[in-house]
Amino acid sequence: MSFNGKQPTLVNQLQTDVPKEKVKAHLQVLGVFFHLLDTLAGTSKPGNVEATVDEFFQRSTYRLQVWLEQVIKIDGMEDFEKPLQDHELPPLDVALALHSYMLSPLRYFEDSELRFPQLKRMKEYPLASILNVLDPTGRGYDELKCLTAAKYWQNKTQLKFNAIDSMSKDDTRVIECPSCNTAASVPWNGDRGFASPGFEYDCSKCHLAVNHDLLCAGKFFKALTQAKDGPGFCLPNTAILVRGELDIQSRCASIVAEVWKCLQDEKGEIQPLKDLAELAATEGSSTVAFIANKLSRAESALRTESLPVLLRSFEHSYPFTQDVVIALHHQRPFIDTIYNQGWSASKADVPSDSDLNEAYMLYVDFLNLVLNIKRREPGWQDDLIWHTHQLMPQNYRAFIVDHLHVYLDHLPKGEDMNAFRRHYDNEKNPKSVAVWIESRSIVALTTKGTFLPDDKPAPESCQAGLAAPSFLVTEPATAIFASN
Ligand SMILES: [Zn+2]
């Protein structure tokens with residue numbers, strides 16, 4: 001690798017912004033996550049490990065929601081400044097889910113501004129708090145050291161603090177009917193359990209047969225109504241501009257108005273979810289696909305190529321913009337790699353100082369390629385620095401926007417393989433999602449006209465991406481996505 005005169009300065013700046021101690025602490029926490037998943041696999045029947053891990057990731061994502069809503073919630077403005085207290089330490093699986101959530105910097109930022117302000121209590125990921133309560137083996141929490149947190153969690157949530165215990169002992173989760181908001185307790189397991197694709201239960205109040213599709217559609221209509229009626233709300237994934245500014249003013253309202261227009265009846269109203277679900281069923285489609293099709297009608301002023309971004313957060317029913325379950329699956333091989341390379345062991349000389357220096361240089365090289373709209377899949381070493389950087393969200397946003405002039409996103413591999421993809425793909429433009437549309441407004445990027453990714457196989461590692469600020473045909477087209 002060759003460096004021009006500017007790059008050593010950038011390496012130095014990064015080593016100040018993302019100190020080696022933080023990278024090492026991150027490595028140690030990744031080692032703890034490895035042992036957690038290893039223990040989990042040990043509890044599973046042979047041949048059933050993947051299903052067990054998937055259920056565990058779904059539960060961890062739900063428990064992250066519970067932690068945000070019941071443990072670290074804020075009551076007044078002054079609470080924003082209150083750092084996490086010892087008794088608010090997340091259970092280890094929640095810490096794992098939070099880690100994956102944060103590694104989606106744009107969605108995490110948008111959620112912390114608009115949906116979960118309590119996230120702002122963490123200026124950065126709580127690496128030190130986790131390392132402080134490890135047992136002597138360094139492989140998991142010490143029961144005594146986190147006793148206060150465990151008691152507080154169990155008292156607030158009625159769930160087990162220990163993630164492995166919770167998996168075998170907490171049989172149900174709470175859910176709200178997407179039609180009448182009545183809360184119900186539903187099982188995790190079984191053919192009709194929440195963890196299964198065939199999940200279904202009958203709402204005791206409105207008798208809707210609730211399934212995953214209706215939960216996703218319900219999430220969509222809730223977000224749409226909230227954004228239409230409440231100032232300061234937007235549809236998920238629409239509030240961040242290309243340079244990382246938050247825009248929740250007229251632009252969000254125009255997008256919402258256009259979405260509403262596509263879905264309204266003759267009276268300008270949107271039919272109840274129950275009726276839309278029945279209508280979708282008569283057309284042989286899911287409710288969510290029915291919505292997607294309505295939005296992609298020819299007369300719509302919504303950009304077809306941006307619909308996947310607009311609808312991305314309704315492919316799952318958790319209240320987050322990011323699909324944390326997918327992100328957890330995506331992070332798992334990375335955790336394995338770090339462990340197998342020996343970098344997460346608490347040996348003094350691994351990684352060595354020169355190993356880490358090399359990783360910083362690789363990360364700088366990666367950022368410089370992005371600056372020139374060239375693609376390179378980050379290797380696990382520069383990924384490590386990139387990920388550690390993202391665990392300091394404010395720092396990452398400031399640094400990256402200053403250097404690249406765009407707010408570089410980090411996307412789980414395989415997002416485009418999600419079920420919705422087929423609704424937007426067509427023969428004329430099979431890669432509509434992956435196009436970088438030319439932008440003359442982004443001076444920092446040497447634009448090369450429309451850039452189509454090489455027809456290479458999907459990356460093995462992470463993907464870079466940019467904010468997608470253009471949802472309406474009336475808006476200027478700018479860079480949308482770099483995932484392929
Ligand atoms: Zn109901």
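Predicted model: local features only at pLDDT ≥ 70, side-chain atom pairs only at ≥ 80, totals over all residues.

Reader: What is the overall make-up of the protein, and what confidence does the model carry?

Author: The secondary structure consists of 18 helices and six strands. Of the 484 residues, 40% count as buried. Among contacts between residues at least 6 apart in sequence, 69% join residues at least 24 apart. The average pLDDT of the protein is 84, and 83% of the residues score at least 70. Over residues 416-461, however, the pLDDT is below 50, and the model gives this stretch 84 contacts beyond near neighbours in sequence. Residues 479-484 also stay under 50 in pLDDT, with 34 contacts beyond four places in sequence.

Reader: Why is Asn 181 called exposed?

Author: Asn 181 has 12 other C-beta atoms within 10 Å, and a residue is exposed if that count is 12 or fewer; Asn 181 is therefore exposed. Asn 181 is located in the loop between β1 and β2. Its phi is near 65°, a positive value in a residue other than glycine. Most residues other than glycine have a negative phi.

Reader: Which class does Asn 237 belong to, buried or exposed, and how do you know?

Author: Asn 237 has 22 C-beta neighbours inside 10 Å. The threshold for a buried residue is 20 or more, so Asn 237 counts as buried. Asn 237 is found in the loop between α9 and α10, and its phi, near 75°, is positive in a residue other than glycine.

Reader: What do the buried residues of α9 pack against?

Author: They pack against β4 (209-211), α10 (250-263), α11 (273-282) and α12 (287-295). The buried residues of α9 include Leu 214, Leu 215, Phe 220 and Phe 221.

Reader: Why are α10 and α12 described as roughly perpendicular?

Author: The axes of α10 and α12 cross at roughly 110° and come within 8 Å. Angles of 65 to 115 degrees count as roughly perpendicular, and α10 and α12 are therefore given that description. In this pair, Val 259, Cys 262 and Leu 263 of α10 meet Ile 291, Lys 294 and Leu 295 of α12.

Reader: What makes His 87 and Lys 82 partly exposed?

Author: Partly exposed residues fall between the two limits, 12 or fewer for exposed and 20 or more for buried. His 87 has 16 C-beta neighbours inside 10 Å and so counts as partly exposed. Lys 82 has 13 and therefore counts as partly exposed. His 87 is in the loop between α3 (49-71) and α4 (92-102), and Lys 82 lies in the loop between α3 and α4.

Reader: Which residues approach these two in space?

Author: The C-alpha atoms of His 87 and Ala 150 are 7.6 Å apart, although 63 residues separate them along the chain. Not counting residues up to four places away in sequence, His 87 touches Thr 148, Ala 149 and Tyr 152. Lys 82 and Arg 121 are 39 residues apart in sequence and 6.0 Å apart from C-alpha to C-alpha.

Reader: Why is Ser 185 called exposed?

Author: Ser 185 has 10 C-beta neighbours inside 10 Å. The limit for an exposed residue is 12 or fewer, so Ser 185 counts as exposed. Ser 185 is in strand β2, and its contacts, not counting residues up to four places away in sequence, are with Thr 172 and Val 174. Ser 185 and Ile 175 are ten residues apart in sequence, with 6.2 Å between their C-alpha atoms.

Definitions and conventions:
Residues numbered from 1 in each chain as written. Helix = DSSP H or I, 4+ residues; strand = E, 2+ residues; numbered from the N terminus. Contact = placed C-beta atoms within 7 Å. pLDDT = per-residue confidence, 0-100. Axes fitted to C-alpha atoms, helices over the stretch in contact; angles between N-to-C directions. Parallel < 35°, antiparallel > 145°, perpendicular 65-115°, else oblique.
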